[in-house]
Amino acid sequence: MGEFTPEQIVALSSMVSPDRFSVGQSNRELHVHDVSPHYGELPAGIIWPITTEEVAEILAWCYQQEIPVTPWGAATSTEGNPVPTRGGLVLDLMQMNRILAIHAEDLQVDVQPGVLRKELNRQVGRYGLFFPPDPGADATIGGMIANNASGVQTIKYGATKDYVMRLIVVLPQGDVIHTGCRAYKSSSGYDLTRLFVGSEGTLGIVTEATLRLTGIPAHHLAATVTFQDLQSACQAVVAMKASGLDPAALELLPPKLIELMNREKNLNLPQVPSLFCEFHGISKGVLQEIESLAQELCEGCGATGFRSGVEEGERTDLWRARHEAWETIHRAYPGKETLIVDAAVPISRYPEMILFSQDLLDDFGSIGYIFGHAGDGNLHLVLVGDPKNQEEWSRLEEINERIVKRAVELGGTCTGEHGVGIGKRKFMALEHGESYELMRRIKNLIDPKGLMNPDKIF
Ligand SMILES: Cc1cc2nc3c(=O)[nH]c(=O)nc-3n(C[C@H](O)[C@H](O)[C@H](O)COP(=O)(O)OP(=O)(O)OC[C@H]3O[C@@H](n4cnc5c(N)ncnc54)[C@H](O)[C@@H]3O)c2cc1C
């Protein structure tokens, strides 16, 4: 749908205060793309609700009017997840940004979906607590729940799904439901909370969440480890995971990306295959023991250098550079776009997956940077090209497809953390077979008119 009718504008304007509904061109243009190259159809308007009741009224009315609704967080998705594809209404949740209650004694927090994760960690940090899932971007909690986001610390702490205890969700017809509970565990029926986690706004709008928190670790140890080749670095990842060392981060960085990071971020890292590692512990003594075992294991896999005890400032710089890897690559190629491969495989197959991807990149002669959350078996390959240059872009798509196909053959997935959105839809049948059909039936049951974030996942 292109534009709202005057009657529709009057109706929507009456549901929120005047400053929280817009059909202005600039607002519409700001709500049509995320960080991916996927562009959708300009929405007819944007609405910024602040309560569950407002969301319920808006959805019930849109359902009756058959208006597509696309939820919107910080728009840091990489697969077109919040991009409206059929115009309609964008429901921007950024103003539902209140931390409702911190239950420090239960290690829990109640939040609205527009709370940003860094702000959440600033607030709960005063109680010695933190919310560990850490996508590089400063995403909203609603967007993280909808994409089941994770990040560099997932190897130790888990993904967003592991931290969502309770949700309030507004369903497409405007009904409000509560899922889950505040107890640490429950065997009570179907796990509806997990159904909404990762559903990318296709089943309803999360308007409140209770999140589990954990204690801020007393001590950190960061180490950079260098290797002669990528294979040895990957083997060290498997060895450290299997040893019970419980690393808090194990990131793989190839020389090409390190070269770019050195140049753009003023770092001085050796330009060889490397691992960035981090360990968390209750005492310096425990970390010292971990450090010597980690060094022994890495050297056993052929490490050529092991530098630990990286001091706080440098550690922050290293992690910032790692978090900003995608932006650094993007900036280095003005006028180009990126296609991000996000496959994940069982950890034992990670080394062969990395080599397979490197060989493909070399064979195709395309520009690309391989790195990833090695400890999770999650491979990122950021491919660089121009979507308008069909020949160049189809080569990148071909690389993406071959990697995903291989990952699925190895028992893995097309997306470890970024979600399906528009970009990964084509792999869903391959990965899920018959259960993709069951997902579709669930979608049709909850959203029979197909109005909630249409064209995503399916
Ligand atoms: C530099 C960079 C690094 C990144 N690194 C990582 C990483 O390491 N790990 C990782 O997992 N991701 C990463 N991402 C991707 C992104 O940050 C995450 O997917 C994040 O969860 C998106 O949150 P958002 O607030 O931006 O949501 P959006 O992009 O706005 O929306 C995400 C999805 O959630 C839906 N949605 C939003 N709010 C709600 C709601 N309240 N109810 C229902 N549906 C809703 C939207 O419709 C959309 O489908 C990175 C992105 C960038 C730009």
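**Exercise 1. Aromatic rings**

How many aromatic pairs does a search of the whole structure find, and how are the rings of Phe131 and Tyr163 arranged?

*Solution.* Keep in mind that you are working with a predicted model.
- Step 1: The search turns up six aromatic pairs.
- Step 2: Take the rings of Phe131 and Tyr163, whose centres are 6.0 Å apart.
- Step 3: Their planes stand at 85°. An angle over 60 degrees counts as edge-to-face, so this pair is edge-to-face.
- Step 4: Now locate the two residues. Phe131 sits in the loop between strand S7 (129-130) and helix H5 (141-147), while Tyr163 sits in the loop between helix H6 (154-157) and S8, so the pair ties together parts that are 32 residues apart in sequence.

**Exercise 2. A sheet of five strands**

In what order do the five strands of the open sheet stand, and which strands are at its edges?

*Solution.* 
- Step 1: The order is S5-S6-S10-S8-S9, with antiparallel pairing.
- Step 2: At the edges you find strand S5 (99-103) and strand S9 (176-180); each has a single partner strand, so one side of each lacks a neighbour in the sheet.
- Step 3: From one strand to the next, the twist averages 10°.
- Step 4: Look at one pairing. Strand S8 (residues 164-170) and S9 are joined by five bridges, and Val170 has Val176 in S9 as its bridge partner.

**Exercise 3. A sheet of four strands**

What is the pairing in the open sheet of four strands, and in which sense do S3 and strand S4 pair, parallel or antiparallel?

*Solution.* 
- Step 1: The strands follow the order S1-S2-S4-S3, and the pairing is mixed.
- Step 2: Strand S1 (21-22) and strand S3 (69-72) are at the edges with a single partner strand each, so one side of each has no neighbour in the sheet.
- Step 3: S3 pairs with strand S4 (residues 89-92) in the parallel sense, over four bridges. Pro71 stands opposite Leu91 in S4.
- Step 4: Here we meet H3 again: H3 packs on this sheet, touching strand S2 (45-47), S3 and S4, with its direction at about 165° to that of S4.

**Exercise 4. Helix H13 and its partners**

At what angle does H13 pack with H14, and at what angle does H13 cross H8?

*Solution.* 
- Step 1: Helix H13 (residues 350-364) and helix H14 (residues 390-409) pack at about 160°, with axes 11 Å apart. Angles over 145 degrees count as roughly antiparallel, so H13 and H14 are roughly antiparallel to each other.
- Step 2: Their crossing is right-handed. Among the residues that meet are Phe356 and Leu360 in H13, and Ile399 and Arg402 in H14. The contact residues divide into eight nonpolar, one polar and five charged.
- Step 3: Turn to helix H8 (residues 230-242), whose axis comes within 8 Å of that of H13 and crosses at roughly 155°. H8 is therefore roughly antiparallel to H13.
- Step 4: H8 also passes H13 in a right-handed crossing. The contact includes Leu230 and Val238 of H8, and Ile354 and Leu355 of H13. This contact of H8 with H13 has seven nonpolar, three polar and no charged residues.

Note on methods. Residues numbered from 1 in each chain as written. Predicted model: local features only at pLDDT ≥ 70, side-chain atom pairs only at ≥ 80, totals over all residues. Heavy atoms only, no water. Axes fitted to C-alpha atoms, helices over the stretch in contact; angles between N-to-C directions. Helix = DSSP H or I, 4+ residues; strand = E, 2+ residues; numbered from the N terminus. Parallel < 35°, antiparallel > 145°, perpendicular 65-115°, else oblique. Left-handed = near helix turned anticlockwise from the far one by under 90°. Contact = heavy atoms within 4.5 Å. Nonpolar A, V, L, I, M, F, W, Y, C, P; charged D, E, K, R; others polar. Pairing = 2+ DSSP bridges. Phe/Tyr/Trp six-rings, centres within 6.5 Å; stacked < 30°, edge-to-face > 60°.
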